[in-house]
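Please open the structure in your viewer and keep the selection panel at hand.

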There are 2 protein chains.
Amino acid sequence: MRKRSTIRDVAREAGVSVAVVSRVLNDGTGPVAPQTRARVVETIERLGFQPRAAARELQQQSTTTIGLVLADLANPFFARLADRVVWDARARGIHVVLLTNQEDPHLEAESLETLVGRSVGSIIATPTGENVDKWRRLITLGVNIVFVDREIDELPGVDVVAINNDLSAEAATQHMLGLGHERIAFISGPLSTSTGRDRVAGFRKAMVAAGVEVDEQFIHAIPFRGDSGGDAVSALLALPNPPTGIIVGNTAQVRSALRRVKQSAIAVPDDLSLIVFDDNPWTELVSPPLTVVRQPIDMLALHSVELAVGRLKGALTEPARHIRVNADFVQRSSTAPLSPVTAD
Amino acid sequence: MRKRSTIRDVAREAGVSVAVVSRVLNDGTGPVAPQTRARVVETIERLGFQPRAAARELQQQSTTTIGLVLADLANPFFARLADRVVWDARARGIHVVLLTNQEDPHLEAESLETLVGRSVGSIIATPTGENVDKWRRLITLGVNIVFVDREIDELPGVDVVAINNDLSAEAATQHMLGLGHERIAFISGPLSTSTGRDRVAGFRKAMVAAGVEVDEQFIHAIPFRGDSGGDAVSALLALPNPPTGIIVGNTAQVRSALRRVKQSAIAVPDDLSLIVFDDNPWTELVSPPLTVVRQPIDMLALHSVELAVGRLKGALTEPARHIRVNADFVQRSSTAPLSPVTAD
DNA sequence: AGGTGGGGTGGTAACGGTTACAGTTTTGTA
DNA sequence: TACAAAACTGTAACCGTTACCACCCCACCT
């Protein structure tokens with residue numbers, strides 16, 4: 001509990017000036033005699049001196065911290081994303097302040113306020129879709145924003161890293177169509193999010209291209225939180241002419257939806273084909289193993305950190321970039337050709 | 001990209017001194033006339049002024065940041081723990097700097113170094129078990145340490161929040177024994193971690209109490225990373241006289257172990273009963289739904305944050321506390337009475 | 001009327017590290 | 001030996017905020 005030693009303590013102990021210690025600390029900022037350097041290093045070690053980030057930050061206006069604002073770490077997708085972001089950031093000597101918005105715009109706004117106070121140089125976030133003015137204010141303050149997974153269209157000057165949501169949904173739909181399904185349902189996230197909109201658009205596009213009419217009752221845009229996935233499934237299965245295939249494009253609701261399917265008497269894939277976004281540790285462990293759209297989380301994280309840190313360090317000055325990575329379609333056993341019986 | 005406004009800008013604009021602005025900012029630190037306060041607040045709003053945490057931190061030696069050093073966010077247990085910690089911390093106005101040690105002592109040491117630099121007031125961590133000297137140094141520096149989930153025995157002065165690992169393992173083993181199993185295998189984490197040691201101890205205790213001999217071949221203490229869970233399962237099943245029940249006490253290896261069981265021809269629970277640590281979103285979705293030891297993650301997070309923040313704010317001065325919470329035993333369908341056939 | 005107390009406000013020295021600039025020593029060469 | 005250049009060191013101001021103390025003014029009391 002003793003007082004922490006400062007750079008001045010080190011200087012005194014080592015019998016040099018603070019300038020020398022500083023130069024030892026920040027290698028390359030000035031000449032230091034090898035012998036002196038050794039003595040200083042030894043003293044630093046002995047005193048357990050550690051420069052205080054706050055003081056450094058205050059002086060040189062820059063920071064080695066980025067903010068990460070994700071929806072919800074209980075969702076494995078975001079958890080793994082966070083894992084990779086923290087990892088990639090560390091490799092670049094950057095710390096990550098983590099905040100979650102729990103899909104709540106109010107909490108999101110609060111998070112942004114606190115991040116301004118922490119004067120982070122960059123923020124990587126999955127925006128709720130609201131708070132456009134708050135984001136805009138951050139931009140004018142010179143904070144670099146990287147949206148990952150989702151985006152906000154009205155916001156220029158923001159880097160975006162995401163998968164091709166429309167193409168992914170289209171591919172999943174085409175796979176269903178290719179198996180002979182025509183009564184296909186799509187469960188997406190809220191249409192206030194870009195992922196929700198884009199995936200539904202991709203779904204429609206594939207259906208139209210195949211000349212299959214879209215039953216509007218088959219499209220459910222539901223919240224990320226709560227048990228809405230299960231409710232959507234129940235609603236779909238209760239229909240007089242229920243779908244023979246369901247695509248769950250709402251990552252957070254996959255579990256809820258799947259649980260409800262299992263509770264029903266419907267057999268997968270015999271009576272119902274299922275495709276879900278996104279690949280989880282457990283999608284191949286359930287019965288049957290799920291056909292999924294797998295997001296390349298490593299790539300999403302890597303690009304996000306590269307943009308965030310690149311702009312932080314001033315290495316990147318070009319206008320905002322939109323990076324699209326392709327998702328993989330992984331076929332397992334939850335999809336099957338339309339059975340003659342169900343095909344009526 | 002314009003210059004950020006400082007407290008002096010606000011003071012000048014509002015026609016008051018910086019001291020007054022500071023008092024408005026930190027309510028309760030001194031008298032301010034209502035009218036003046038209103039003018040200052042308005043100016044702050046208009047200028048979009050946000051006090052810089054770095055300057056504040058430098059001045060008052062204290063900080064509103066805690067460090068969270070978890071093993072690995074790809075593990076749902078830690079991910080959900082992080083989610084709750086971030087949530088509970090926010091409710092107390094505290095930010096969380098997240099770092100992962102990936103079960104690597106070297107990375108852990110590095111994390112601790114950087115946290116000293118960020119002068120966090122408290123650290124919540126799942127220690128690898130190494131770096132005892134580093135932890136000790138942090139303690140002498142006055143940093144409050146809270147170990148969650150695991151602990152290090154040699155380290156006094158550290159708060160610990162964990163489940164009763166020995167009792168949990170004992171209960172799980174008793175359940176197996178109660179079903180008639182005697183050839184029970186236990187897969188734990190490394191014995192360098194307290195969780196590994198305690199769970200194995202609980203297992204042994206239950207076995208001894210039941211008068212059943214422990215086959216040392218049936219105990220596998222394996223690393224958290226890699227595919228060692230699967231390998232342990234394979235090794236167990238390849239034994240001339242394989243176990244009829246397996247308890248997986250290594251949270252990180254549950255998936256790997258389960259996948260290997262599914263790949264084999266062994267039927268669960270008919271030919272093999274299975275209990276795993278810990279409850280996941282997916283444990284009830286696999287076939288059969290898994291019997292699990294469920295850790296009360298909310299409680300672990302809440303107590304950890306309470307200790308970390310309490311000591312940070314000086315509200316808590318009593319000696320280090322060891323908080324034990326009880327885990328729930330959740331019986332599902334992966335355990336069954338020993339079948340007469342297998343019982344030989 | 002002259003104190004007195006306290007609400008309201010202003011000035012300023014820290015906090016700890018960086019850095020420009022000035023100062024000092026060492027080295028090299030004629 | 002002298003002198004210049006190179007190599008190194010010391011000092012002090014600065015970053016933005018808060019804590020502390022000094023000050024003013026006015027209401028209230030005696």
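Which residue is the bridge partner of A:Ser188 in β7(A)? Select A:Ser188 and A:Ala221: the partner is A:Ala221. Before continuing, note that this is a predicted model, in which local features need pLDDT of at least 70, side-chain atom pairs count only at pLDDT 80 or more, and totals for chains, interfaces and linings use all residues. Residues are numbered from 1 along each chain as its sequence is written, while chains are lettered from A and ligands numbered from 1 in the order in which they are written.

**The sheet of chain A**

Select next β6 (residues 184–188) of chain A together with β7(A); the two pair in the parallel sense over three bridges. Helices (H or I, at least four residues) and strands (E, at least two) are DSSP runs, numbered from the N terminus, and two strands pair if DSSP finds at least two bridges between them. Now extend the selection to the open sheet of six strands, whose order in chain A is β7-β6-β8-β9-β10-β12, with mixed pairing. At its edges lie β7 (219–221) and β12 (328–330) of chain A, each of which pairs on one side only.

**Where the chains meet**

Select chains A and B. The contact takes 45 residues from each of chain A and chain B, where contact requires C-beta atoms, placed from the backbone, to lie within 7 Å. On the side of chain B that touches chain A, α5(B) gives the most, seven residues. Colour that side by residue type to find 24 nonpolar, ten polar and eleven charged residues. (Ala, Val, Leu, Ile, Met, Phe, Trp, Tyr, Cys and Pro count as nonpolar, Asp, Glu, Lys and Arg as charged, and the others, Gly among them, as polar.)

Go on to strand β2 (residues 95–100) of chain A, which pairs with β2(B) in the antiparallel sense over three bridges. There, A:Leu98 stands opposite B:Val96.

Of the interface residues of chain B, 98% are also interface residues in chain A, so the copies meet through the same surface.

**Around DNA strand D**

Finally, select DNA strand D and the 28 residues around it; A:Ser17, A:Ala19, A:Pro31, B:Ile7 and B:Ala55 come nearest. A residue is near the strand if its C-beta atom, placed from the backbone, lies within 6 Å of it. Which element contributes the largest share of this surface? Select α4(B), which gives five residues. By type, the surface near DNA strand D holds 15 nonpolar, ten polar and three charged residues.

Note on methods. Contact = placed C-beta atoms within 7 Å.
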